[in-house]
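Subject: Structure handover

Hi,

Here is the structure you will be working with. My notes follow below it.

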Amino acid sequence: MDIFLKLGKRKGGKDMEKKEIMIHLEGISKSFPQKRGSLEVLKEIDLQIEKGEVFGIIGMSGAGKSTLVRCINLLERPTKGRVYLDGAELTCLPEKELRQQRHSMGMIFQQFHLLMQRTALENVCFPLEISGVPKEMARARAEELLDLVGLGERLGAYPSQLSGGQKQRVAIARALATEPKVLLCDEATSALDPNTTAGVLRLLKDINERLGITIVVITHEMSVIQEICNRVAIIDDGQIAEMGGVEEIFRAPKTQPGRELVYHEGARREALEGPMENCYRVVFRGGISGDPILGGMMVECNAVANILSGNTRMLDGRVYGQMMIQLPEDKEMREKMLAYLREREVEVEEVHYV
Amino acid sequence: MFKEGMMALVGVAFWESIYMTLISTFFAYLIGLPLGLILVMTDGEGVRPMPIVHQTLGIIINIVRSVPFLILFVTIMPFTKLAVGTTIGPKAAIVGLLVAAAPFIARLVESSLKEVEKGVIEAAQSMGASPLQILVKVLIPEAKPSLLVGSAIAVTTILGYSAMAGFLGGGGLGAIAINYGVHRGQRDIMYVMVVLLVIIVQVLQEFGMQIAKRTDKRL
């Protein structure tokens, strides 16, 4: 039986009719009892993740994102609130039925969590054994899945014989074995080097497009979000600080946590440098990244701008450059330079922290 | 040094020791293994937290473990009599040994299973595995090498106990070492018995470690 033919009939991520909700979190709060009182990790989180999208949840460590993803498959029971999967409430289910529902949610982890005493093939068979699939069928399906993730040649290898990237591929194959509707990724690439990360992200994107599986990505790296997500929620201090399309949030983050993540990958630099004067963030879009706009501005105005930082990113196949600059104190000169930039359709925004 | 008949005596004692050790290890595992599994499963952080069961069992195990072996052996003699009909000889020794060893084995099993990474268990839970499935398909297979190392430790410890059982008419090499070496002052015979015990321990320990190493896929 070819599961991928069957799965292939599900519509791929992009051409889906939108607004069908796959995961719905309603007023999710979670607190952990402490020696004195309790620690509130999540506060009244409302979140809707659409069918077939790749949804990112980003935040700095300690923001509560790992707890949030565990509330989706109820590895952590929220203290308050409800979780719905594909329209059905999970939070009201008894243990046994919840376990049944978990077959339709795959999960992968930062540290892979493979069974060390089983081969790659046996690892992928594991969730099928658990859900009672006959051995022969499980084996065939596992072989197919390992082929899909590019490990068709390493069926008999034990995890200790595989590299980090290969282990994560086995974990992905394992998570897909029960044909889940949702794949939850908890910092899935944080233990991998940049090259391997890119490969694993491509694989996830491919799975999303080919199988139409809804993917939830938890990460602290903005680059991961930019690489594969359609929408993103920024979690800060147990709350959703900001949510929206990845492009939109990258171009103009509205909140302080959003700015910290977009401008400098979450490094809390203001703590070191304090507020700064006359600083601007310039975003170049698409093709014009090739033009020497800043250089032109400096020549035209006969004044220099102090370049504080800069980088270039790909978002949905388009090039974006962002630069942090500091302009002269002279107000007239500053206005002139800003006018020059605005004429050239680059986005300029004053910032106080760089 | 060895009068006639001594060799035959040692031969019988040698097999008695082996027999006592292996049989009591087997039965001690029948009791200790499930106890160890219950300890791990019912732990507050476990797959099926049951704090009262966990604590009660833990206390009982600690009490039995803290009673010195010889005193334990004497204390349970009425029970031994009831169980095997005698309080001397290898059969009686086996009862004493397994009562003394079972709680020790429960702790060995517990510590082996706790070596299994929590994340692996979490992954199994995320796939919808039940507590029983986690026990049978994750905890035990993943801890297998460590369980085997534990069993090598258990079997050699029980051999040591069995030599002590010789004091109380338990038979085996320990009995000869005590009867001839200590009570009759024939030190040479005592040394020979000790050397034999050392050799058995070495062989069993090495054998256990080798099997453990071969089955471990973590390299």
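How far apart do the end C-alpha atoms of residues 14-205 of chain B lie, and how much of the span is helix and how much strand? The ends lie 17 Å apart, and the span is 84% helix and 0% strand. Helices (H or I, at least four residues) and strands (E, at least two) are DSSP runs, numbered from the N terminus. UniProt, in an unreviewed entry, annotates residues 14-205 of chain B as "domain: ABC transmembrane type-1". UniProt positions are given in the numbering used here, feature names are shortened, and annotations may be inferred rather than shown by experiment.

Some ground rules. This is a predicted model: local features need pLDDT of at least 70, side-chain atom pairs count only at pLDDT 80 or more, and totals for chains, interfaces and linings use all residues. Residues are numbered from 1 along each chain as its sequence is written, and chains are lettered from A and ligands numbered from 1 in the order in which they are written.

Confidence

The predictor gives the complex an ipTM of 0.87 and a pTM of 0.82. The pLDDT is the predictor's confidence in each residue, from 0 to 100. Chain B has a mean pLDDT of 92, with 99% of its residues at 70 or more. Chain A averages 86, and 88% of its residues score at least 70. Residues 1-16 of chain A have a pLDDT below 50, yet this stretch has 23 contacts in the model beyond near neighbours in sequence. Two residues are in contact if their C-beta atoms, placed from the backbone, lie within 7 Å.

Chain B

Chain B has nine helices and zero strands. Its C-alpha trace spans about 70 × 40 × 25 Å along the principal axes. Of its 219 residues, 40% count as buried. A residue is buried if 20 or more other C-beta atoms lie within 10 Å of its own, exposed if 12 or fewer, and partly exposed in between; C-beta atoms are placed from the backbone. Take the contacts in chain B with a separation of 6 or more: 70% of them join residues 24 or more positions apart.

The unreviewed UniProt entry also lists "transmembrane region" for chain B, including residues 20-40 and 88-109. Residues 20-40 of chain B are 100% helix and 0% strand, with end C-alpha atoms 29 Å apart. Residues 88-109 of chain B are 95% helix and 0% strand, and their end C-alpha atoms lie 30 Å apart.

Where the chains meet

The contact takes 19 residues from chain A and 20 residues from chain B. On the chain B side, helix H6 (118-126) and helix H7 (131-165) each supply at least two residues. That side of chain B divides into seven nonpolar, six polar and seven charged residues. Here Ala, Val, Leu, Ile, Met, Phe, Trp, Tyr, Cys and Pro count as nonpolar, Asp, Glu, Lys and Arg as charged, and the others, Gly among them, as polar.

The core

The largest nonpolar core has 155 residues. Such a core is a set of buried Ala, Val, Leu, Ile, Met, Phe, Trp, Tyr and Cys residues joined through C-beta atoms within 7 Å. Those with the most contacts inside this core are Val124(A), Val216(A), Val217(A) and Ala101(B). Helix H5 (residues 89-114) of chain B gives the most to this core, with 16 residues. Leaving aside neighbours within four places in sequence, Val124(A) touches residues including Ala142(A), Leu145(A), Leu146(A) and Val170(A).

Chain A

For chain A, an unreviewed UniProt entry lists residues 23-262 as "domain: ABC transporter". That span of chain A is 38% helix and 28% strand, with end C-alpha atoms 26 Å apart.

Two backbone angles to check. Leu74(A) has a phi near 60°, a positive value in a residue other than glycine. Leu74(A) sits in the loop between helix H2 (65-72) and strand S4 (80-85) of chain A. Is Leu74(A) buried or exposed? Leu74(A) is buried, because 21 other C-beta atoms lie within 10 Å. Glu179(A) is not a glycine either, and its phi is positive at about 50°. Glu179(A) lies in the loop between helix H6 (164-176) and strand S7 (182-186) of chain A. Glu179(A) counts as partly exposed because it has 16 other C-beta atoms within 10 Å.

Best wishes
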